Amino acid sequence: MNQKRNLFLLICLSFSSLFAVDQVTWNQADKFLKKQDYLSAFKLSEGIIQADPKDSFGWWLRLASSSQLASKKGKWPDECVKSANQHVILVPEEEPSSLTTAIWCLNHDARYSEMVSLIPKVIPKAREKIGDDNYGSLINVLTIAYLKLNERERAREFLYSGLSLLSGKDAAMNTGYNVGELFIDSEITMEEREMWHELFQNNLFKDKLSNPLVPAIAWNTSLLTDEYVKKGKYNYAFDTISLLYPDMDAHVTSYWNFLRDQLLIKYKALQFRTKKLKEEPRRNLKMIFLVVPRTRFKDPLPNQLSSFGNMDADLTEKDFSDLLLSFIYFRDSFEEVSKGIHWDYEVIRTNSEITSTNFRDESFRFVMQPSLESIQPALSKDILDQIKSSDGVIVVWPGVKQPNRVLITNGGGTEWNYGTDADPEVRLTILSDSNKSIASGNHANHPIFIYHELFHVLEWAYHKSNFPKKDHPYQRKKEWPRDYQGNTEWDFYSETFNKRMMVEDQMDRLYWIGRKEGFYGIKVKEEKK
């Protein structure tokens, strides 16, 4: 990135007009610049200006040298800006290139308001003066300036205008550095995302893995896909995500694993959902979403957390809808990978609260999972009967308030009987971690979250199969069986489903209704034999 910026400055300054200066001074200046002795070049410029305050070459040299010293901060960004303004007075036709250099210097000093204030003087004529590549970089740095000023809508408007001018040219990629987070914004309308989607179609550059626009394209594609799925427009959603998948998998993976897995699962789910010919499921399972909307701790917090104050929380509808959306992607992709195991679901809303958690301090994180016995008011017989008619339950709760820079996990996967003591049956139980941001990199609010928690139980169910089972083995690539491929969490699950569990019994053991003993208990008995 810095190399690009230095090249940009030198090219901009090389567009200056020829100056009336003696050959000896010119040669000396040229020597200093080529040796990158910018301090000596700056001192030379000061001598020239002292002799003649209106010597345009002196101000050009001062601008050229101070701009290269601007990364050292201190006085240099300000010297650069002063030089640019004076050079513009003396050589007005060079205003776009001189002030573009000033923008770069202001960026070193994080003077973002001053940077964007120069847009009216720079943008209209800058492209023809500095060329497409440098113009793309200029669009990028000013977009970032708006982002730093928290003017996200203006940042996107500015980027859209600049990218549109360069669309389809290699120079368009220069606009894309570090702008991906602009497209995570939940305030973006579906109409705006559609507009961006159309523009991004012409800027994939499939032959270039290092395309800096990929983060912006990936986030916009992922979240626009979600909007269509929420509206039941599955064909639109599949067409949208097909912008990236399957062809652009390597491009997305070069930036992230977690977003790549999210996009790939969505693609597989929508590929299944939009099949023209569908077979009837060979097995129907049922998941209950048990919504407990409040965390209200009745006991004092553990000593490790006492300094954080009140950690109670309320469930937001967006957290719940994100989790439900993740389940829909899980459901459809799982039916594809399992060749016909379908999950129905039902939502049960309570007016209850979680009053205590099962706390663990694991040194690198705290685990605070809900104590199901602490649900108050207690679950009614009717709710328990509904749960008993299911194979699994996802307990949707608010979790706890998350202190800054403290990792607290509220979710998990296990088996539980839900107080059906008279005739106990176990079932899959997933505890939601729904207070995590959808873009945090955490697997919560990500379709792989359901896979992750289900897999904890499947490891018990298939404990005889030849795959590593201890402490999240997907994280340790060196332990993967030799016949596995890929690198990500989804790759590990997919390989295990296809090459182990489906081969063993087509996942026919995967059900819970009527089970008096959980898979963990069966595993323990079998290991003792």
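**Strand β12 and its partners**

I began with Trp 416 and found that its bridge partner in β12 is Arg 427. The model is a predicted one, in which local features need pLDDT of at least 70, side-chain atom pairs count only at pLDDT 80 or more, and totals for chains, interfaces and linings use all residues. Residues are numbered from 1 along each chain as its sequence is written, and side-chain values use heavy atoms, with hydrogens and water left out.

I then noted that β11 (residues 412-416) and β12 pair in the antiparallel sense over 5 bridges, where two strands pair if DSSP finds at least two bridges between them. With β9 (residues 392-396), β12 pairs in the parallel sense over 4 bridges, and there I found Thr 429 of β12 as the bridge partner of Val 393. I took helices (H or I, at least four residues) and strands (E, at least two) as DSSP runs, numbered from the N terminus.

Is β12 mostly covered or mostly open? I found that 5 of the 5 residues of β12 (residues 427-431) are buried, buried being under 20% relative accessible area, exposed over 50% and partly exposed in between (1.4 Å probe, protein chains only).

β7 (residues 366-370) pairs with β10 in the parallel sense over 2 bridges, and Phe 366 stands opposite Ile 408 in β10.

**Helix α12**

I listed Ala 237, Phe 238, Thr 240 and Ile 241 as the buried residues of α12 (residues 234-241). They lie on the same side of α12 because they cover an arc of only 160° around the axis, the arc being that of the directions from the helix axis to the C-beta atoms. On the face turned away from that buried side I found the exposed residues Asn 235, Tyr 236 and Asp 239. The cover over the buried residues of α12 includes α10 (190-200), α11 (214-230) and α14 (258-273).

**α11 against α14**

The axes of these two helices, α11 and α14, come within 11 Å and cross at roughly 35°; axes are lines fitted to C-alpha atoms, for helices over the stretch in contact, and angles run from 0 to 180 degrees between N-to-C directions. Among the residues that meet here I noted Trp 219 and Asp 226 in α11, and Phe 258 and Lys 266 in α14, contact meaning heavy atoms within 4.5 Å.

**Cores and Thr 496**

Which residues have the most contacts inside the largest nonpolar core? In this core of 119 residues I found Leu 138, Phe 334 and Tyr 451, a nonpolar core being a set of buried Ala, Val, Leu, Ile, Met, Phe, Trp, Tyr and Cys residues joined through side-chain atoms within 4.5 Å. Helix α8 (residues 119-148) gives the most to this core, with 14 residues. A second, separate core of 23 residues includes Leu 290, Val 292, Val 393 and Trp 397.

Not counting residues up to four places away in sequence, Thr 496 touches Phe 455, Phe 467, Tyr 484 and Met 501.
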